[in-house]
Amino acid sequence: MYTQTGQPDNVLRDADGAIIPFAEGNVDYWQYQQWLAEGNTPAPAPPPPVPTPYTPPQEESPQS
Amino acid sequence: MPRNASGIYTTPAGTTAVSGQTISSTAYNNFLNDISQAITQSLPVNGVVAMTGNLNMGNYRVTNLLSPPQAPQDAVPQLYVDSQSQFGGFQNRIHNGNLDVWQRGAGPFAVATNSYLWTADGWIVSNGATGATVNVQNTTGRFLTYYSLQLTGAAGVTAVTVTTRIEAADAVALQTRVCTFQAWIYNGTGLAFIPALQVQYANAVNNFSGGVTSIISANLQNCAAGVWTQVAYAFTPPTQAANGLQVSIAFPSGALAVSGYIARIAEVDLRPTPNVTNNALVTLPPPFEKRPVAVEYAYCQRYYEMSLNNAGSFTAAGQQQVFITGLASAANNGGVATQFKVTKSGVPTVFVFSPITAAANKVRDNVSNVDVTPTVSNIGSQGFFWYAAMNVAGTQVNLTAHWSCYVPDLGGG
């Protein structure tokens, strides 16, 4: 199984987290193409994470 | 004295026959004894006895020597010398034939039944379809190398095969030439066994997963228990070997089927040997070529490389993880172009992983102390690029990552 990465030049192999480049001669890419030829489709890329808003630490009020 | 200091033979005084005079028995016997001594001190042409002193050629040549040599002390003709030096010192076509480079760690690697693992750089250990797990690790070498590859058996282990591959660009020089494969094997089992040599070529360039065609499967020398044995065999790869060559040592089924039984492999070499008899065991292969470990290490990194010393201690001090730091920005992310130390033989498959948790396809946000997902792009034979956003907006950018990569079928996969 594979998952798109959002990049046009590679795909993620789910089994081990490998990034497989779309490069002729890369046997992992060749196997990915075989997998596609069998009618499979990679999962869509997950949406980019939304960063948590930054909350600055509050300054201590001076003691009176 | 039959000969003088110049080697000239002169008959003894008083032994020369005179016409018309009777030859005395004394003179006759003196002559025979003297000439017998001279003949005894001469070199018999059939080689039944060895020299008893140094042979001074006096600036003359020894001609018409038989090739190839059959013993380590044999003189060799120029023909043989020429055939051995055609690669300028890099005659051994097997990378990590010395079994000294273990970038993935020293092991033990547990190879389950019906599976395979990449162990030492360039070496795949395959376990039989049935049986039990076999363990692989590095251990002391035989003589010329620091390490060897050790297989440790267990009850039920069946067939075990140790394989290496030669990329197309190197294998092309082997096609249609008689080549000699050699290795030293230590038999740490209780019984002798006979390993087999299996050679195949890839059906497509550097693609072994897509299918291979067998060239030979031949028994090697008998390996007695408790000792190292040199095995060697000559064969001729066909023109299709230019797609890449796969060479395996197959241990017979059951040879490692007892807990604690071991076998070791060391000093593996494959090269053209034009004057050797084809499709036959070789009694005296050329000397194993051991390249300097620094050279061999870089050779191995042509196919596999990682940002750390080995996979077992990636959090240790000194491991060269990728580190990015910078000020907060609107995007609040950081990225880096990572350069491989050695250009790969092809575009590799890449792994980026957290240096803290080892989670795959993660890098470490060192402000929030969590793993975040990177984006990887532009993978090429010389490097790749990755970037990632911090978990919390507005913080300082501080990311670390480890990576590894392999060229499939040649360095991993």
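**Interface, polar side.** I started with polar contacts across the interface of chain A and chain B, and the rule gives eight residue pairs, both partners at pLDDT 80 or more. That cut-off matters here, as this is a predicted model. Then I looked for salt bridges between chain A and chain B and came back with zero.

**Which parts of chain A touch chain B?** I went by element and kept those giving two or more residues: strand 2 (10-13), strand 3 (18-21) and helix 1 (27-37) of chain A. Sorting that side of chain A by class, I got eleven nonpolar, six polar and four charged residues.

**Interface, extent.** I counted contacts next: 21 residues of chain A meet 26 residues of chain B. Between chain A and chain B I have about 1800 Å², and carbon and sulfur atoms give 58% of it.

**Largest pocket.** I put its space at about 520 Å³. By element, strand 1 (2-4) of chain A, strand 20 (375-380) of chain B and strand 21 (383-389) of chain B each supply at least two lining residues. Strand 21 of chain B has the largest share, with three residues. By class I wrote down 15 nonpolar, ten polar and one charged for the lining.

I went looking for exceptions in chain B.

- Ser67(B) and Pro68(B) are joined by a cis peptide bond, omega about 0°. I place Pro68(B) in the loop between helix 1 (25-40) and helix 2 (78-84) of chain B.
- Gly107(B) to Pro108(B) is also a cis peptide bond, with omega near 5°. Pro108(B) sits in the loop between helix 2 and strand 1 (109-111) of chain B.
- Leu99(B) is not a glycine, yet I read a positive phi of about 55°. Leu99(B) lies in the loop between helix 2 and strand 1 of chain B.

Note on methods:
Residues are numbered from 1 along each chain as its sequence is written. Chains are lettered from A and ligands numbered from 1 in the order in which they are written. This is a predicted model: local features need pLDDT of at least 70, side-chain atom pairs count only at pLDDT 80 or more; totals for chains, interfaces and linings use all residues. Side-chain values use heavy atoms; hydrogens and water are left out. Contact means heavy atoms within 4.5 Å. Buried area is the accessible area (1.4 Å probe) that two parts lose on being put together, summed over both. A salt bridge is a side-chain nitrogen of Lys or Arg within 4 Å of a carboxyl oxygen of Asp or Glu. A polar contact is a pair of N or O atoms within 3.5 Å; within protein, one must be able to donate a hydrogen and the other to accept it, and residues adjacent in sequence count only if both atoms are side-chain atoms. Helices (H or I, at least four residues) and strands (E, at least two) are DSSP runs, numbered from the N terminus. Ala, Val, Leu, Ile, Met, Phe, Trp, Tyr, Cys and Pro count as nonpolar, Asp, Glu, Lys and Arg as charged, and the others, Gly among them, as polar. On a 1 Å grid over the protein atoms alone, a cavity is a set of points where a 1.4 Å probe fits but cannot get out, and a pocket is an open set with protein on both sides within 12 Å along at least five of seven lines; lining residues have an atom within 4 Å of a point. Grid points are joined across faces, edges and corners, and a volume is the space filled by probe spheres set on the points.
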